[in-house]
Amino acid sequence: MISSNNFKEIISIFRDISNQASKKILEIYNSNFEINFKDDNSPLTKADTESNRIICSRLAKEFPRIPIISEENKNKRLNIDTYFLVDPLDGTKEFISRNGEFTVNIALILKNQPKLGVIEIPTQNTQYFSDGLSSFKYNEHLEKIFSNSSANKTKFLASRSHLDSLTEKIIKSFRSSQLNKVGSSIKFCYLAEGKADIYIRNGRTMCWDVGAGIAILKTAGCNIKTLDLKKFVLNKENFINDSFVSFKNTISNETLKYISKQYKLNT
């Protein structure tokens with residue numbers, strides 16, 4: 001049974017599974033892999049399917065009663081609010097372009113809210129994770145992470161492959177701002193450890209793209225809302241997310257309202 005009493009045990013299992021999947025991903029990354037395409041024309045590689053096999057088989061063995069929702073699984077129907085949310089290779093386009101900005105994502109969802117999560121960056125041998133109370137980064141040694149206030153510039157994050165012109169225009173409208181384009185769920189990690197202040201995503205994402213990231217954000221002094229500043233809720237019907245803004249809790253309401261207003265005026 002899942003409870004706060006075994007969160008540390010669960011996240012330890014998550015970390016072990018993600019590390020195992022990351023090793024397989026790197027093995028394929030350093031080979032001459034083939035590129036296929038799904039029905040929606042999105043790319044698919046052996047790294048996606050092998051990572052998915054490793055993660056789902058281990059989760060099913062460790063927690064046989066908890067359903068798994070993964071990007072690469074066909075069964076995506078839920079009638080309960082406790083489940084695992086998996087993106088076995090977030091950033092397949094980055095994987096194919098070989099820029100190293102791809103991740104493994106595993107999250108535990110309780111009451112339809114991300115509670116525990118791990119994001120691993122295989123090329124950096126680095127894990128970010130939340131045990132439900134705090135957020136951490138592991139690269140040779142373990143450190144607790146927490147967002148902090150920026151100095152002079154407001155540091156924005158946006159998708160390397162999916163940055164739309166309106167988002168870029170809004171970011172540039174700030175008198176003192178800095179934009180960093182990053183692939184995959186690494187953006188959540190950078191926000192959680194204080195490397196950035198705001199991450200805006202205007203456009204289609206799926207629940208498995210954000211589950212682990214939200215868990216890590218919430219225990220690192222950050223939050224996430226829809227672009228009209230409503231509560232961000234995972235959609236269990238079709239798993240498609242609303243556009244959103246993730247931010248450090250030190251960001252003012254005035255800043256968030258300005259961003260939201262600009263989208264309303266221009267869409």
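These legends describe views of one predicted protein model.

**Notes on the model.** Residue numbers start from 1 along each chain as its sequence is written. In this predicted model, local features need pLDDT of at least 70 and side-chain atom pairs pLDDT 80 or more, totals for chains, interfaces and linings use all residues, and side-chain values use heavy atoms, without hydrogens and water.

**View 1. The overall fold.** The protein has 7 helices and 14 strands (DSSP runs numbered from the N terminus: helices are H or I, at least four residues; strands are E, at least two). Its radius of gyration is 18 Å, close to the 18 Å given by the globule rule for 267 residues, so the protein is as compact as a globular protein of that length. The radius is taken over C-alpha atoms, and the rule is 2.2 Å times the number of residues to the power 0.38. Along the principal axes, the C-alpha atoms fill a box of roughly 50 × 45 × 40 Å.

View 2. Of the 267 residues, 54% are buried (under 20% relative accessible area, 1.4 Å probe, protein chains only). Contacts are heavy atoms within 4.5 Å. Among those between residues at least 6 apart in sequence, 63% join residues at least 24 apart.

**View 3. Helix H6.** H6 spans residues 207–218 and has 12 residues. From first C-alpha to last, H6 reaches 16 Å, close to the 16 Å expected at 1.5 Å a residue (1.5 Å times one less than its number of residues). The helix is mostly covered, with 11 of its 12 residues buried. Among them are Cys207, Trp208, Asp209 and Leu217.

Notes:
Buried < 20%, exposed > 50% of the residue type's maximum accessible area, 1.4 Å probe, protein only.
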